[in-house]
Amino acid sequence: MDRDVDLEAKTRETGREIHAAMSGAPVMFDSTRWIGGIMDWAMKNEDFKLRLFRFIDVLPSLKTNELVVRVLHEYFSGETEIPRIVSGGIEMLSKTGFIPHLAGPLIRKSVGSIARQFIAGKDADDTLKALDVLRRDGTDFSIDLLGEVVVSEKEARTYAGRYHSLLDVLSAGFSPGARPDVSIKVSSFYSQLDPIDWAGSIEKTKEGLRPLLRKARDLGISITFDMEHYYYKGLIIEIFKGILEEEEFREFPSAGIALQAYLNDTTNDVLDLIGWARARGRSIAIRLVKGAYWDYEVVVNRQKGWPVPVFLNKEETDASFERLTRLLFENTDVVRPAIASHNLRSISHAITCAEALNAPKGSFEFQMLYGMAEPLRKAVRESGFNMRVYTPVGELIPGMAYLVRRLLENTSNESFLRKSFGEKSSFEELIRAPQARRVSSGSGVVDEHFRNEPLFDFSMARNREAMDQAIRTVKEHTDRKYPLYIGGREVTTEKYIVSRNPARPGEIIGRVSSASKKEADAAIEEALNVREVWRKTTPEKRAGYLVRAAEELRRKRTKLAALEVLEVGKTRRDADADVCEAIDYLEYYGREMLRLGVPATLGNYPGEENEYRYEPKGIGVVISPWNFPLAIATGMTSAAIVTGNCVIFKPSGLSPLIGRELCEIYRSTGLPAGVLQFLPGPGSEVGEYLVSHPSIDFIAFTGSREVGLRIVERAGMFVPGQRNVKKVIAEMGGKNAIIVDETADLDEAVKSIVESAFGYQGQKCSACSRVIVAGDTFKELCDRLMEAAKSIRIGPPEEPGTFLGPVIDEAAMKKIRTDIEIGKKEGTIILERNAPGEGHFVGPVIVIDVKPGSRMATEEIFGPVLSIMRANDLDEAISLANDSLYALTGGLFSRSPANIQKVKEEFRVGNLYINRKITGALVGRQPFGGFGMSGTGTKAGGTDYLLQFMNPVSISENTIRRGFAPLTKD
Ligand code: NAD
């Protein structure tokens, strides 16, 4: 206790000395300067700050002065409260009539001057001058090459090449006594880095890193592995340790890694690294930072329903920083601490710790960011401590993400710099020990009623191992025979549907009995028997079966996903997502039925009572496709069941085993016999027979337009014995387009287009099959897309590194290949990749300059084929996008508020996505379904969906008896 009091007193004393030695303010906080004035206003006005940062973000990619001025207007017109310092600038521009050739360069210059506060130069040569200035007082540096997103192997090679040149320049240029260091972004060395492919990612990244480490070793330059998003943390640490264990790098004199104090599991990482270094008798540098992606970690992990890995309270991060600082200083035999902070308190505490633990001044260093806290840097350096400045180098476009991060950091409420220089807090306030008040960092999901099932976090070893194990287990039990399920009994037929692995068609996954008309008649008979009992079962009880089914699905989660990998060729991640979506439907529709199950009272008039409630339609057929074999089948069956109907479920002949698993899950809930019956069989035979049967009241179908329209036609024909007009719920195909305008963030656009177009081999109904480029980014976008598509891995989906697997069967493969031949005539193929020999593989194909109205531009191709079209402007792009019989999904990449608004109003599709991929709709959040030839217009996973399975009934009772009526409530 005494010791703590003593340390606290020393921390204050040290802090006071440094504080006294500080003079002036960083430029960002110098309100006499233009930049300081803008920052000051941004800190007072959140809305302005958002617009300003968004404008700064888009600016470097605006190619013409006209565009700069137009987008500036869009962001700031109507801004009335901007202080003079800003509005003066804008007004001045408007006085010049916003003459673009004057205004454009002026605006660029202003933002450039902000950027130059944080970015030392555009390349290594350019930076040497800035480094010289730093070196004058003996400050060292670590260079960070800006370049945020690498989407292809070509870009990864270019990035590595820049590092090599940087090392050359540094080795020639640094002065005697300097200890140059280079910070590397590990994820830039392999474009397909993904924790799901743990071993593959480590191996490939190491391949990219080795030449650089060799060179750095030979030149005597140290390397620090930067830390990135939490999702990559484990992988980065593993790569760091793994490569340093290699013979040639065992003696590598100086290597370090950055760790983030805002994560709640960093202590374990520090202990692990210390143990590792000690066991190998080597010393490493650990750069302790607070962490630069706090907002991202909170937002993204909450969106995914994953635990938030960071402390929610800034003071808790500060306290964690102090604990970790101490841990580092306790282990200086193997660790060289690099305390990276602009916080006077954290720095003073570190100095006190070092002294208390007798760490000599030369055994550790402080680090600060270039341009962020000059007064503090100088004061600490003058006290004789080693100081290193993290120095970003790069052009403005790749540097934008970095710049915006720094601006956010400087202007956030919690920022120490803001407190010390912006708000000029007292010394007492600045030196106060952090109060570690715990704030729960649970998933943070607000909706307590329904929440989406979180997808697997494949950065966790236990999830990867569970999938490995499940795939092994399913493979051990292939080629078994399975029966139908009719009236609570298993029924075996002579004919079987054979289910094969599309990646290895010789591998039979299983055989399922194939139903004929005889079994269809039996199933209908059973449904008729139980119909009345089921319809009278309460909504609560019916919903209970769904909740139990969801539980069972969770229990079998990996097994089901593994089966999808093997039966329909989904990658592990897509297969898991399909299982989660199935769980979501059960949970969501169960709750929806509780809502709709309560009769509504209509009107409020004396003498009458009006009730509005829903009744089940009767008996339905559910006909599902193979591409979301569990989710869609579960969605349609559960909706029909929970609304009180009996269901005959016919899965696709290409995914009968997953259909069978779903039937087993319902059975396990104790659902009464006859409520759900499992009847796989040929669509044209048993499917069509069921659709035309007089006892069927509705058909829920998802599949192709051709079959959907045929069902609509057959269902519309009256057959003797029929009592109802059959309701058809049909979800059909799409020819989905993404528009990319001239303000788009191409990093985001390329990544999302590759995922939307080639994810699950382009076999998602929501897949992107057309990109329409408005503006002059056509070539750049095509080149980057082509390289990105070249870099994705093709192979059997059971391998964790696979991005693109096989298409569903031989017929599909042949049809897609025919379509590609047509594409060669209708446009120019810029990419056609070969695919592995065995299996139904089709490599990704990109066709450009596809003519409007051509087959490529209008027909659904259910495969990895992407057409790219040009448009002169946004209007033309929208009109091309709407030029389709389908209206399912669509997307836009744009940072122009006006363009976003226009597309929202004019792009006519069921699901529109802005600045994100167009696949992966979530139940309850993006209810899914299209209109036009894409479907009958309602949304799966939305509030209207269940209504289609019921008939509304209105009951009105006259409550007047002899002139007397109960009182109505006001
Ligand atoms: P498909 O139309 O070939 O088959 C769908 C189902 O219909 C299968 O179960 C099949 O056996 C059955 N069927 C076939 N002929 C039939 C007939 N004459 N009568 C009754 N049933 C019959 O479609 P698919 O290949 O399984 O799925 C791919 C298609 O589904 C694509 O067009 C895709 O866009 C569409 N899809 C749409 C959505 C959506 O929500 N809009 C979702 C997934 C898939």
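**Figure 1. Lining of the second largest pocket in the predicted model.** A pocket is an open set of points on a 1 Å grid over the protein atoms alone, where a 1.4 Å probe fits, with protein on both sides within 12 Å along at least five of seven lines; lining residues have an atom within 4 Å of a point. In total 41 residues line this pocket, and Gly 703, Ser 704, Arg 705, Glu 706 and Val 707 lie nearest its centre. Elements giving two or more residues to the lining are α26, β19, α27 and α30 (810–826); helices (H or I, at least four residues) and strands (E, at least two) are DSSP runs. The model is predicted, with local features needing pLDDT of at least 70, side-chain atom pairs pLDDT 80 or more, and totals for chains, interfaces and linings using all residues. Residues are numbered from 1 along each chain, and side-chain values use heavy atoms, without hydrogens or water.

**Figure 2. Shell around the ligand.** The ligand sits in the second largest pocket, meaning that more than half of its atoms lie within 2 Å of the grid points.

Figure 3. A ligand oxygen is 2.6 Å from a side-chain N or O atom of Ser 704. Another view shows Glu 688, with a polar side-chain atom 2.8 Å from a ligand nitrogen.

Methods
Polar contact = N/O pair within 3.5 Å; in protein donor to acceptor, adjacent residues only side chain to side chain.
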